[in-house]
Amino acid sequence: RFPIVSAVDIGGVTVARNDVVRDDDPTNNVPDSIFSKLGMQLHRRDKHPIGILKNAIYDYFDSNYAKQFEKFEDLSPIVTTKQNFDDVLVPADHVSRSLNDTYYVDSQTVLRCHTSAHQAELLREGHRRFLVTGDVYRRDSIDSTHYPVFHQMEGFCVFSPGDWNESGKDSTLYAAEDLKKCLEGLARHLFGGVEMRWVDTYFPFTEPSFELEIYFKEDWLEVLGCGVTEQRILKQSGLENNVAWAFGLGLERLAMVLFDIPDIRLFWSDDERFTSQFKKGELGVKFKPFSKYPPCYKDISFWISESFTENNFCEVVRGIAGDLVEEVKLIDSFTNKKGMTSHCYRIVFRSMERSLTDEEVNDLQSKVRDEVQRKLNVELR
Ligand code: FA5
Ligand code: MG
């Protein structure tokens, strides 16, 4: 289903399939479907919605901050566990470190799961205000707003005592207020008016921490995480008397709101009916769906084993159906008297480009049934 590519170019560096998809390393959990996405660089295409959005965010920072923010957009997505986790204080037992959540190349190397992986190295190199844009990778659930590869833009801004002393505010409060003002201004620059709200949250690398949600298609959509950087991160780079804020924008989510794009899979489509709707520098475009093709629902039930996880199941489905799978949803779960647990998942198959035939969908579903049995150690019901 996926063209087997033997090498990809990531920012001018050629990476061989065997360097990333290591069939002989038990830690390696990168499938070919993910390897083939490396080096796509959607954020560097001026006519792609992600590239158009990135340029609009650059414009906002250039005009409001006199070009103080340096821009990085071709840092390699293949990073060490130290960069991705340790440097940003992710605890040793945090779920995001597990093979269930992150793509490991080997025990020491991962496909970055966030652009925060570059904060510490850029600070160490002496950068103080910067934007880092790139593709990030996560094992995750399947629906219209989640995809295993997506794009983030990290923002980082260091302040000195002179900045907050004048305000009379405590440094943390000063940074938190400046951060929210900056991001609210960005939202106005991109959307004009939209309904949005701040939600308190937790990140290991910021305190306090917030998420911004935007009302989209009758629901609240989380578009970014941010907060005031933990002092330890600044101290690691010799910044003893400073305070900083940081944010991580979900570019697909913002682009969905901006251009009215209903499904995250569309960003990967090279169907001309999608790509031709977007123009370099044009923010006002509203995506016109080219007729919606009918969905096809298939349920699958099985007794799970202890090692079963939903992310593993989703990856099997994605591996077989690729972008023909729209959603995977747990619709029933129960445990019998013997202590065995059964799950029933509804898989929604739908192509964005054409009608699927019954035969084709039955074939996909039968492959899913075979493969979950073979790979996930479950018993079909
Ligand atoms: C982070 O990744 C933090 N590194 C953000 C951050 C940076 C916080 C700096 C503080 C300081 P989170 O896991 O919430 O946070 O992801 C950030 C955004 O990425 C989300 O708000 C969402 O918009 C987007 N996102 C997350 N998972 C997916 C996915 N599977 N598909 C598409 N977008 C996603
Ligand atoms: Mg989040």
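I began with a definition: the radius of gyration is taken over C-alpha atoms, and the globule rule is 2.2 Å times the number of residues to the power 0.38. By that rule a compact globule of 381 residues would have a radius of gyration near 21 Å, and the chain has 22 Å, which agrees.

I noted the ground rules next. This is a predicted model, in which local features need pLDDT of at least 70 and side-chain atom pairs count only at pLDDT 80 or more, while totals for chains, interfaces and linings use all residues. Residues are numbered from 1 along each chain as its sequence is written, and chains are lettered from A and ligands numbered from 1 in the order in which they are written.

I looked up the confidence: the mean pLDDT of the chain (pLDDT being the predictor's confidence in each residue, from 0 to 100) is 95, and 99% of the residues reach 70 or more. For the complex, the predictor gives an ipTM of 0.99 and a pTM of 0.94.

I then turned to the overall layout. Along the principal axes, the C-alpha atoms of the chain fill a box of roughly 70 × 45 × 45 Å. An automatic or database domain assignment, the origin of the bounds, divides the chain into domain 1 (7–268) and domain 2 (296–380), and their C-alpha centres lie 31 Å apart. I found 15 residues of domain 1 in contact with 16 residues of domain 2, where contact asks that C-beta atoms, placed from the backbone, lie within 7 Å.

I counted secondary structure from DSSP runs numbered from the N terminus, with helices (H or I) of at least four residues and strands (E) of at least two; the chain has 12 helices and 16 strands. One open sheet of 4 strands runs in the order 14-15-13-16 with antiparallel pairing, and strands pair here if DSSP finds at least two bridges between them. Strand 14 (325–335) and strand 16 (379–380) stand at the edges with a single partner strand each, so one side of each lacks a neighbour in the sheet. Inside this sheet I followed strand 13 (residues 296–303), which pairs with strand 15 (residues 341–349) over 8 bridges; K298 has I347 of strand 15 as its bridge partner.

My last entry concerns I320, found in helix 11 (residues 310–321). Is I320 buried or exposed? A residue is buried if 20 or more other C-beta atoms lie within 10 Å of its own, exposed if 12 or fewer, and partly exposed in between; I320, with 20 such atoms, is buried. Its C-alpha atom is separated by 8.9 Å from that of Q365, 45 residues apart along the chain.

Definitions and conventions
Two residues are in contact if their C-beta atoms, placed from the backbone, lie within 7 Å.
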